[in-house]
Amino acid sequence: MIEQDRAGAAFLVLVVAVAIAAPVLNQFVPASSPFHLSTYSLTLIGKYMCYAMLALAVDLIWGYAGILSLGHAAFFALGGYAMGMYLMRQIGPRGVYGDPILPDFMVFLNWQKLPWFWVGFNHFWFALIVIAAVPAALALVFGWFAFRSRVTGVYFSIMTQALSYALMLAFFRNDMGFGGNNGFTDFKDILGFDLHADRTRVVLVVVTAAALAASYLACRAIVASRAGRLFRAIRDAESRARFLGYRVESYKLWVFVFSASLAGIAGALYVPQVGIINPSEFAPINSIEAVIWVAVGGRGTLFGAAMGAVLVNYAKTYFTGALPELWLYALGALFVLVTLFLPRGLVGLGARRRRAVHGAAAPVIWALGSHVGVSLGSKLK
Amino acid sequence: MIRPPHLPSPDKILTLDDLTVSFDGFKALDGLTLSVDRGELRCIIGPNGAGKTTMMDVVTGKTRPDHGSAWFAQDVDLLALSEPEIAQAGIGRKFQKPTVFESLTVFENLELAIWGDKSFWKDLVARLTRAERQHIDDILDVIGLTAERAALAGTLAHGQKQWLEIGMLLMQEPELLLVDEPVAGMTPQETARTAELLLSLAAEHSLIVVEHDMDFVRSIARRVTVLHEGRVLADGNMDQVQNDPRVVEVYLGA
């Protein structure tokens, strides 16, 4: 724990350093200088930090409580959609069709009136509540049924994967009222500030860094509490915890709900920076990737999970640029290699070898394998 | 709630009446009737499949019987409670395989076993009180693991894990302890130490010990119950039981 505290402190210092250095290098260093940080790179950093928050959310439940969710991208996407709805309302009459209330896609579908679930999204505060509340509510309902029925292990993972997939299919439908397969894009501004301006981008990155640091501290506080110790106890011996008088399902439920809203907040910060949200964010592979970041970084160490997200995504940015077809294979190989040789992730490289966190890797390999298979199959057709 | 025809007598800690449990036609318990006195140390023996573990499962709420009743003390209907509720009511169970939280320290294992109202929100802010710390220290002393308090439970020897698990049950201040095969896989020294530990607990708690090791049973038992095919076959002190021809036939003689 102490060795983790030290690394955690270093992680926080790093986040703060990025929050200071990135804006300075972008705003005050001239573009001609080799030290200048392009707005593209700045946005990339912001994106990675959103992924790091998602990784924290996944690690909290998987690394500590032993609950392997293969559907966390769904919570991330829901938070992103909520932010997207606010950004769409912000466009106002500047859309292609110039309707002051209805977003373009609704005009295109000949809708006359704003659907009820879009009411209120012209207020930023309303969107903020929904961003955390909707993922939390979904996790509460889903988790209540799943944990109460003692659905665990690979069955829980498959159900979360199915949940994410079902949401993806639903959001693809035009009549759901979320823009169908195009999703939301062409955002103009946030709280009155131009989203395309460098300064707005800088502020978004700083806000994301602050959110990442706050998420880390919140997760750290949970993990260090007696409840956090109980999560590890549940992971080690669930029935023992139950016979000690703990209502295990309620502990699992609350940490799942917290983790889901954290993922939602990460998604909400992600959308204004990348400028688009569409149903592909619900794709099952996204949830699997998030689990892989955690495994690569170091399951059960919060800073490891966050760093894993940054490193894997950095590699992804490189690979999808240089060798796009190979990315999924590289990711799979990375995961298998880490599981086999670095059961504690990259964090385990530095620390002395202790007992490996027992492998819940099988379902991930299975899920990833099926995706590689499907993508291969579709290419051969 | 259906009350039994007559309430269990006040000197009984556990009263099982006519319990029947079947799994796909196989009767794991077949009209089991058994009672244990307050402060008693009862050993339960029997060949494999006699229903020992199923009986413990019923008492701790893991398995629901098809028929019968199970009462804890005078007024707690065990069949109406969930596993955590039964634990809270004062029944502790030690599993056959030592089950401790391996990635936590010995001290943290005992901390999580503190008796009390447990909820996620309380445990987020819970701090150990001075009295709780003292209680943990006392239990560490009883189970002989004071020197290992900061060690990860996963690094303990087999026997030490068993003692830690018993210590976790003691943290709960249970009235009744169910102990499933405490000395399986132990060295003779560890077995002797465990016998001492269980005997020292018998005064303040009631204990039910399921065990295969006959020498161990002889060393601690005052009263032995033999189960066979889900029913009580014989009951009495070790000598009576060992000389019972039916017992010899199904178990000891085999």
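**Reading a predicted model**

Biologist: I would like to learn how to read strand pairing, so which residue is the bridge partner of B:Val21 in strand 2 of chain B?

Modeller: In strand 2 of chain B, B:Val21 has B:Leu29 as its bridge partner. Strands (E, at least two residues) and helices (H or I, at least four) are DSSP runs numbered from the N terminus, and two strands pair if DSSP finds at least two bridges between them. Please keep in mind that this is a predicted model, in which local features need pLDDT of at least 70 and side-chain atom pairs count only at pLDDT 80 or more, while totals for chains, interfaces and linings use all residues. Residues are numbered from 1 along each chain as its sequence is written, chains are lettered from A and ligands numbered from 1 in the order in which they are written, and side-chain values use heavy atoms, with hydrogens and water left out.

Biologist: How many bridges join strand 1 of chain B to strand 2 of chain B, and which residue in their hairpin takes a positive phi?

Modeller: Strand 1 (residues 12-23) and strand 2 of chain B run antiparallel and are joined by nine bridges, with B:Thr15 and B:Ser35 as another example of bridge partners. The hairpin of these strands has two residues between them, and B:Asp24 takes a positive phi near 45° there.

Biologist: In what order do the four strands of the open sheet in chain B stand?

Modeller: The order is 2-1-4-5, with antiparallel pairing, and the edge strands, each pairing on one side only, are strand 2 (26-37) and strand 5 (76-77) of chain B. Moving through the sheet, strand 1 of chain B is joined to strand 4 (residues 67-72) of chain B by five bridges, and B:Leu16 stands opposite B:Ala70. Strand 4 of chain B is then joined to strand 5 of chain B by two bridges, with B:Trp71 and B:Asp77 as bridge partners. The hairpin of strand 4 and strand 5 of chain B has three residues between the strands, and B:Ala73 takes a positive phi near 50° in this hairpin.

Biologist: What is the pairing in the open sheet of six strands in chain B?

Modeller: That sheet has the order 6-7-8-3-9-10 and its pairing is mixed, with strand 6 (91-94) and strand 10 (231-236) of chain B as edge strands that each pair on one side only. To compare directions, axes are lines fitted to C-alpha atoms, for helices over the stretch in contact, with angles from 0 to 180 degrees between N-to-C directions. Neighbouring strands of this sheet are turned by 20° against each other on average, direction ignored. Strand 3 (residues 41-45) and strand 9 (residues 223-228) of chain B pair in the parallel sense over four bridges, and B:Ile44 stands opposite B:Thr225.

Biologist: Which strands of chain B does helix 6 of chain B touch?

Modeller: Contact means heavy atoms within 4.5 Å. Helix 6 (residues 158-171) of chain B packs on the sheet, touching strand 6 and strand 7 (176-180) of chain B, and its direction makes about 170° with that of strand 6. Helix 7 (residues 188-202) of chain B also packs on the sheet, where it touches strand 3, strand 7 and strand 8 (206-210) of chain B, and makes about 150° with the direction of strand 8.

Biologist: How many residues does the contact take from chain B and from chain A?

Modeller: The contact takes 35 residues from chain B and 26 residues from chain A. Buried area is the accessible area (1.4 Å probe) that two parts lose on being put together, summed over both, and between chain B and chain A it is about 2900 Å², of which carbon and sulfur atoms give 60%. In chain B, the residues that lose the most area to chain A are B:Phe101, B:Leu112 and B:Phe120, together 22% of what that side buries.

Biologist: Why is helix 8 of chain A described as largely enclosed?

Modeller: A residue is buried under 20% relative accessible area, exposed over 50% and partly exposed in between (1.4 Å probe, protein chains only). Helix 8 (residues 226-236) of chain A is largely enclosed by the rest of the structure because 11 of its 11 residues are buried, including A:Leu230 and A:Phe231.

Biologist: Where is confidence lowest in chain B?

Modeller: The predictor's confidence in each residue is its pLDDT, from 0 to 100. In chain B, confidence is lowest in helix 10 (residues 245-252), at a mean of 78, and highest in helix 3 (residues 106-112), at 95, while the mean pLDDT of chain B is 88, with 96% of its residues reaching 70 or more. For the complex, the predictor gives an ipTM of 0.83 and a pTM of 0.86.
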